[in-house]
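Q: Could you take me through this structure? I am new to reading such models.

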Amino acid sequence: MLWKKLIALGAAAALLLALLPTAGAAELEIAAPSAILMDAATGTVLYEKDAHTQLAPASVTKIMTLLLVMEALDAGRISWDDQVIASEAAAGKGGSQVYLEAGEQMSMEDMIKSVAVVSANDCATALAEHIAGSEQAFVAMMNQRAQELGMENTHFVNCTGLDDEPNAQEHLTTAYDIALMSRELLKHEDIRRFTTIWMDTVRNGEFGLANTNKLVRFYQGTTGLKTGYTSAAGHCLSASAERDGVEFIAVVLHCDTSGDRFQSAKQLLDYGFANYTLAEPDPNAEIPPVPVLLGTQASITPVPNSASPVLIEKGQASGLTTRVEVAQQVKAPVEAGQRLGTLSLQADGTPIASIPLVAPEAVERLSWWDVTRALVEGLFFAPQPESI
C-alpha cells in the first residue's frame, strides 16, 4: 500500500493543525524543577516545566556520546568488530567507571554496554578517542551535531558530563534539548539492546554491571535511556518507554534526590500513556489524479509527504475519519514535492491533523514544438466520419 511505500522512504513527521490540549498536564505536580514530556514519534511536546532553562546535565551528556557512536557505526567509520584501546586519559577518568587500565582493549559492544548501563566515564572517553582521535575533537563533533538537531541552548565541553574541570560551568543544556537528542538516539534500534539491560557483565563475566536507570526494572515498557548525577547538576534522567506502539521521552533535571527524578519521570510517562495514542489516516483512502495542463503527461496522482503517525488524545480515537482534497488542475511544469492537495485526519468532523499531498515526481512542460505537433496531428489525423 501507499503508506508502507512512504514509510520505506523515511517520510517526515505529520503536521498538526492545532496544539494538542494539555489541560491535564497543568494538574501535574512533579518534584523536578526542570522537565519535559515529548512524543518520540512526532516530537510533540505534551508537558514542559522550565524546559528551556540551561542546566548542567551530568552523565545525561552521554546520550550525545552514544548518538555519535551509533552514527559512526551506521556510517561504517567504526565497526562492531573493533577492539577499543583505553588511553591513559581514558583510564584516568573518575566517577562512574569500569576501571579500564591504560592499553586495555575491550570490544565495541562491551564499551557501549558499559556506557549505557553503568555510565562508565572511562569507556565514554575511550569511544570518543576511537572515533575522533581525541576527546577535544569529539566534543567539537558533539557541539556540531547539537546545532544540527536544533539544540540551541546546548554547549558541551566533554563527552562525560563530569564537572571536575575549570570549564565545567560552560557545560550546559536544557530539558528540551536533551529530549531532542534522546529522540534521535532512539531511532537507532541497536542502542535499545544496551539501554534495556538490567544486569550484565563485561570482561568475560568478571565485572558485573547493574543499570543506574531503575525504571528498566520497575517501569513497564522502559526503553532507556540515561541517568546523571553530580553535586552541581543534581539528579538527572532522560527516560523513555513504549507501550502499544507509542513511545514517550521524559526528561527531568536538577532533582534533589534520586527518588525524585524517577518519580517525576514516572509521573510524566504515566500522563502520556493515560492520555495520548497514535493514529494514522486510512491507508485505503482514494487519492484522485490531478490533471496537468500543457504537461508531458496528462495527470499526476499526489502522494502524502508523510507516513508518520499522528499523536491524538485517546478520546478522539473512536470517531476518526480521513478526508482528501486535491487541486482541480495544475499547470506544468510541476516540481517533485510540489503541493497538490491535503489529506486531513478528522475527529467527529473536526480537523486534528493535516498532511500535504505532493507530486511524487516532476512533470515537464510541453515545448512549443510539442504543442504545435499535437495541434497538427489533431487537425490532420483526427478520425474522419464514415460516408453514408
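Q: What should I know about the model itself?
A: This is a predicted model, where local features need pLDDT of at least 70 and side-chain atom pairs count only at pLDDT 80 or more, while totals for chains, interfaces and linings use all residues. Residues are numbered from 1 along each chain as its sequence is written, and side-chain values use heavy atoms, leaving out hydrogens and water.

Q: How many helices and strands are there?
A: The chain has 12 helices and 19 strands. These are DSSP runs numbered from the N terminus: helices (H or I) have at least four residues, strands (E) at least two.

Q: And what share of the residues is buried?
A: Of the 388 residues, 49% count as buried, meaning under 20% relative accessible area (1.4 Å probe, protein chains only).

Q: Which residues have the most contacts inside the largest nonpolar core?
A: They are Met 64 and Ile 112, in a core of 63 residues. Helix H3 gives the most to this core, with nine residues. A nonpolar core is a set of buried Ala, Val, Leu, Ile, Met, Phe, Trp, Tyr and Cys residues joined through side-chain atoms within 4.5 Å.

Q: New topic: what is the strand order in the open sheet of three strands?
A: The order is E13-E12-E17, with mixed pairing; two strands pair if DSSP finds at least two bridges between them. Strands E13 and E17 stand at the edges with a single partner strand each, so one side of each is left without a neighbour in the sheet.

Definitions and conventions
Buried means under 20% relative accessible area, exposed over 50%, partly exposed in between (1.4 Å probe, protein chains only).
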